Amino acid sequence: MGKDASKKYDKKSSYVIGDSEDLEYFGAKNVIDAELQLINKKYEKEPKQTKDLAGLSLSGGGIRSASFSLGIMQALAYKNWLSKIDYLSTVSGGGYIGASLTWLLSNKWQVLDKDFDTSPENFPYVTYPMCGKVNNKQGEDCTKDSMSVKIRGRLLQYLRQNAKYLTPGGGINIFSLIAVLLRGITLGLVTYFALFVLLFLFLNMTKVYCQIMLTGLNCFLLIASLILLSYLVSLPFYSLGTYFYRRTKEKAYMLRRRYEKLAGILLPLAFALAVLGSIPFVSGWLDKSLNSDTFKNIYPSFISNDKNGTGFFGVISVIIGIISSIAAFFKTNKTKSSKIPVGFFVAIGTAALLFGILILAYQTSLKIPVWLPVNVTVILAAAVVIFAILVNLNHVSVHRYYRDRLMETFMPDVASIMTNDYKRSHKTEEANGKRLHEIYSKKGNPEYFGPYHIINTNVVLPSSRRAIFRGRGGDNFIMSPLYCGGNATGWLKTEKYMGGEMTLASAMAISGAAVNPDAGCGGEGVTRQPFLSILMGMLNLRLGYWVPNPNPHESEGAIRPSVPNYFWPGLWEIIFRYRLNEKAYFLQLTDGGHFENLALYEMIRRRLKLIIVCDGTADPQYTFSELANAMQKVRTDFGALIIINNEDLKDLTPSQKIDQVKVAKKGFLKAKIVYADNSKGRLIYINTTFCEELSADLYGYKREHPSFPEEPTIDQFFDEKQFEAYRELGYQIALKMMKDKDVMDDLIVKEVMDL
């Protein structure tokens, strides 16, 4: 980027450039200063720095994490801790309930006696009816017949009854979800198939593509010549260069590098040409083989036919590809290792699908001149190209369905909740238009001083120019009321990013986009494999979202498409994969858990004094891998040490049996944080583990459901009983934490929570 442009954007404070030399906040100083200015509105008399503040991190884990985190927030509100929280950092499932809280706090509701807040008496989600009083001096009697208490009770009941958010009923069911999945798959297959047909048709018409003659050996000769030519042209130059530069080590070294870069381009190019060039030969061989006397005696006559044989083979290849890719996805969600490697399914699925599509496309391209006149062919070709340009990839994937169902469940209209007798409210127009930068504006609740919400996502960067992002496959990308962006891209003011159109509902859904090409949990997993990513890209199997680059310099001085389409970034993602980096105009955002799943990263960056982490991820083997991933990343990037020994984790691991139920000693731990400047902080880590001294109903649920509370995250269809079990588990563990002597006697905890 030009220096003049950099100064212009810095001066306006609209765009903050990432700076690895900023040892305090790793490039985000201006972003954090703006956040502090906003947070300090509630500390007008004694403004604070981040080293004096507290944060709450809600992890990923889908609906299980959302319900578990809700119980923890209820307990924190009950003990008046939640009102002392300055930052709310969420990822994926934790973002469901986090966005719900932000939505309810940042609006003024006409039906309320008093606006929602984080105090014990006005927290949005309470259990109603329930005996007893809230734990504060001016507490409100929970049995009191007030509109405010009834609404808060109904909100909780609404969540319980609608935890199956993907299939809510009211005309939207499992078949609706399947139809949306098939829509994306069908449109992707048909569009790219049509584009391949046009490619082959063009090559056939211009005679660039070799024709089938006799055995088709001329095709192989052509491709072999291309491959040999690419190397034969480079080898003499390399050999002569090494001779002339044999005494100049520096030039010889640079020559080797140039040759290796050239070879890295020529080899995949030659492979791609070989695949394309072999299609006519393979197609002709299949036609000949399927119509031989041997095949006619084995297969039905409709297969052994000049007109249908190759086409049938192509269709079967496509079906095998789709089935194998779906099988690969489901195998990644199993906790036990399989005897058959996932890579086996990936290889079969990708090869079969791509090969089948190419065979069908080539056969179709040969028949189009026979079927259709030239003018009709041109019109259809133009229609395909226009369709591929105009269709918004974000709107034809399953993302929009996922986003809308989450919004309807976790961001409901409060007034309609009171009038619909707990039934699902479809009146979500206000939530649908709630833009992220408006949370603290006059359009919402101008008196809102709830925790500053940071929604964590992952920006997909497998082709990054920087090794750290390339190795991780991405970087943390925040969406918040003030700024959107990350280290790799820089940060742009939210009111200017995407024209200010990013909504709270979309940010919540993007943060939970768990299934996506080129992305996996913690930056690892089978979906990061290039071939499977190509397959998923063609089938549009993604929950992620295409967004413009927040770096304004990457979108200047060129004609850009207004929406992400099948050409750009569609083909760029599938074919030109080197463009999946921080310099691309369109970026893919996915589940924040693909980078770090505890939502702890940005809290450590801000060097908060107290951080409470709610870990609702599925961990049946108690490996604590998400905690380990977060500890490693904050140590590497920020020089911050989280002091947790392996012995500390044993108390959180079930090791003894009580009433035939395996239990842990406790469900939380306290740890020291040592930041790079040697300042100190505290981490309270709360985990979904079944521990001692829980209530009888939780023991009963555990006996009935032995895998609780480590049921797989793929289960996103909770009934009332399951939702309530996770919520109550979080509530009881958090209460135990706030009664623990070691926690309550800690000087930092006492200071921050004003105990």
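**Close-up 1. D659, an exposed residue in a loop.** D659 has a relative accessible area of 56%, so it counts as exposed (over 50%; buried means under 20% and partly exposed lies in between, with a 1.4 Å probe and protein chains only). The residue is found in the loop between β12 (656-658) and β13 (661-663). Although D659 is not a glycine, its phi is positive, at about 55°. This is a predicted model, in which local features need pLDDT of at least 70, side-chain atom pairs count only at pLDDT 80 or more, and totals for chains, interfaces and linings use all residues. Residues are numbered from 1 along each chain as its sequence is written, and side-chain values use heavy atoms, leaving out hydrogens and water.

**Close-up 2. N540, a buried residue in a loop.** Here is another residue with a positive phi: N540, at about 60°, although it is not a glycine. N540 lies in the loop between α19 (530-539) and β8. Its relative accessibility is 6%, so N540 counts as buried.

**Close-up 3. W568 beside a cis peptide bond.** The peptide bond from W568 to P569 is cis, with omega near 15°. P569 sits in the loop between β8 (545-548) and α20 (570-574). Helices (H or I, at least four residues) and strands (E, at least two) are DSSP runs, numbered from the N terminus. At 23% relative accessibility, W568 is partly exposed, while F586 is buried at 7%.

**Close-up 4. F708 and its aromatic partner.** F708 and Y726 form an edge-to-face aromatic pair, 4.9 Å centre to centre with 75° between the planes (rings of Phe, Tyr and Trp, the last by its six-membered ring, pair if their centres lie within 6.5 Å; planes under 30 degrees apart are stacked, over 60 edge-to-face and the rest tilted). F708 lies in the loop between α24 and α25 and Y726 in helix α25, so the pair ties together parts 18 residues apart in sequence. Both F708 and Y726 are buried. Ring pairs also link F690, Y699, Y701, F708, F718 and Y726 into a cluster. From F708 to P709 the peptide bond is cis, with omega near 5°.

**Close-up 5. Helices α3 and α4 packed together.** Helix α3 (residues 62-78) and helix α4 (residues 93-105) pack at an angle of about 50°, with their axes 6 Å apart. Axes are lines fitted to C-alpha atoms, for helices over the stretch in contact, and angles run from 0 to 180 degrees between N-to-C directions.
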